[in-house]
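Thanks for coming. I will talk about one structure today, and I will keep to what can be read from it. Please have a look at it before I go on.

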Amino acid sequence: MATQLPDARRVAVEALTRIEVDGAYANLVLPGILARSGLPERDRAFVTQLVYGTTRARRACDWFVERFAHGELEPEVRAALRLGVFQLRFLGTPPHAAVSATVAVVPRRVRGLVNAVLRKVAEAEDRWPSEAVRLSYPDWVVDVLTADLGTDRAIAALESMNGAAPVSERSDGYVQDRASQMVVEAVGARRGERVLDLCAAPGGKATALAGAGAWVAAGEIRTGRAGLIAANVDRLDLSPLVSVVVADGCHPPFGAESFDRVLVDAPCSGLGSLRRRADARWRVDPEAPGRLASLQRKLLSGALPLVAPGGVIVYSVCTLTQAETVDVAAGFLDEHPDLEPLDIPGEPWVKWGSGALLLPQAEGTDGMALFAWRVPNATKKSESPAPARDQP
Ligand SMILES: C[S@@+](CC[C@H](N)C(=O)[O-])C[C@H]1O[C@@H](n2cnc3c(N)ncnc32)[C@H](O)[C@@H]1O
């Protein structure tokens with residue numbers, strides 16, 4: 001075992017270097033590197049913990065590295081130093097073990113440097129220059145969430161998204177975060193109802209809706225991602241109930257009033273599910289919430305005419321920004337004052353405008369915002385009758 005741990009760290013340094021130099025996605029690059037490593041399962045789990053943890057804590061680790069290592073660092077040396085800091089300051093590895101095991105995996109010519117820097121880091125105080133550095137997020141993410149949620153909620157949300165995402169499996173074996181399962185419950189689809197999931201890939205909610213016995217149309221703009229829905233539908237044996245449709249949800253190709261329920265689980269900045277992908281926080285850009293809010297408004301406007309009189313439209317996003325949640329919902333309601341906001345789930349959700357917000361710290365789920373409205377029974381706009389109920 002003692003000889004395997006340095007190997008695990010060497011594999012972690014290789015992955016971290018690839019992520020840094022090639023801009024590779026952590027979750028895409030790591031499986032291949034692990035497969036080639038020949039490491040036993042237990043060590044692979046350790047490498048995964050090291051790579052994802054160091055990637056999340058990158059900014060905080062760099063703050064320590066830059067205090068004691070001056071000048072240009074080769075990517076591999078920087079990766080090893082970050083890894084060493086992560087073990088020392090976040091993983092609680094005893095200093096002698098963290099330092100010597102990390103030094104052992106770097107080239108001989110830089111061992112002195114890595115050893116000296118990590119020894120200083122082990123003894124250094126952590127007077128963090130900001131919460132964004134301490135929690136290791138881009139400044140703008142901390143600023144937006146603090147402005148939108150208030151400081152206490154924002155910091156607790158950011159702290160909770162520094163942990164790894166727990167795995168929760170549905171009764172049919174599909175792995176789906178509890179927050180998403182709660183969105184499906186809020187849609188409330190019943191056997192035989194016609195339901196549209198406008199933005200459906202990879203099909204988590206669409207398959208759950210079909211699992212409740214509804215006829216489901218699963219829309220998705222990207223062909224490749226639509227294939228993921230089809231694969232999940234096949235695997236769960238739900239083909240008779242789910243039709244996959246490649247389409248732009250802003251201009252959906254369905255007849256007016258053809259669904260009892262429409263779910264708009266819209267693309268979003270993902271600031272509520274940052275723990276799910278270790279490098280997501282470094283990839284999302286500050287313009288994303290504003291840009292996506294206008295797409296979200298278009299998707300809702302595209303979806304509304306498809307809801308039958310008395311039917312329900314549900315809007316959900318796995319983010320926590322006001323722009324993509326309460327602002328989108330309020331704008332939609334302003335344009336359609338005849339919509340009736342529906343009761344939102346109780347605890348652990350909190351009231352959020354006319355809808356509800358699930359903070360990631362509440363129960364360790366993804367963060368999620370949810371709004372639901374009932375379309376009035378008597379609609380003046382429609383002249384065409386709703387199609388037969390046994391045709392999704
Ligand atoms: C939040 S994900 C949906 C997750 C899905 N409902 C589930 O539970 O598995 C949003 C999806 O919307 C798709 N999308 C983006 N723009 C779209 C558009 N204009 N029309 C339809 N789908 C779109 C994205 O490709 C992405 O797959």
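Let me begin with the residues around the ligand. Sorted by class, this shell holds ten nonpolar residues, seven charged ones and three polar ones. Keep in mind that the model is a predicted one.

How many residues surround the ligand? There are 20, and the closest include Gly-204, Glu-220 and Arg-225. Gly-249 and Asp-265 also belong to the closest group.

Two of those names come back when we look at individual atoms. Asp-265 has a side-chain N or O atom at 2.7 Å from a nitrogen atom of the ligand. For Gly-249 the backbone is involved: one of its N or O atoms lies 2.8 Å from a ligand nitrogen. Pro-202 also takes part through a backbone N or O atom, which is 3.5 Å from an oxygen atom of the ligand. As for cover, the ligand on its own has 610 Å² of accessible area, and the protein covers 86% of that.

Now the chain as a whole.

Interface size is often quoted as the accessible area lost when the parts come together. Here domain 1 and domain 2 bury about 820 Å² between them, with 54% of it on carbon and sulfur atoms.

What kinds of pairs cross this interface? Six residue pairs are in polar contact, while the number of salt bridges is zero.

That is my part done.

Notes. Residues are numbered from 1 along each chain as its sequence is written. This is a predicted model: local features need pLDDT of at least 70, side-chain atom pairs count only at pLDDT 80 or more; totals for chains, interfaces and linings use all residues. Side-chain values use heavy atoms; hydrogens and water are left out. A residue is near a molecule or strand if one of its heavy atoms lies within 4 Å of it. A polar contact is a pair of N or O atoms within 3.5 Å; within protein, one must be able to donate a hydrogen and the other to accept it, and residues adjacent in sequence count only if both atoms are side-chain atoms. Accessible areas come from the Shrake-Rupley method with a 1.4 Å probe; for residues, only the protein chains shown count as cover. Ala, Val, Leu, Ile, Met, Phe, Trp, Tyr, Cys and Pro count as nonpolar, Asp, Glu, Lys and Arg as charged, and the others, Gly among them, as polar. Buried area is the accessible area (1.4 Å probe) that two parts lose on being put together, summed over both. A salt bridge is a side-chain nitrogen of Lys or Arg within 4 Å of a carboxyl oxygen of Asp or Glu.
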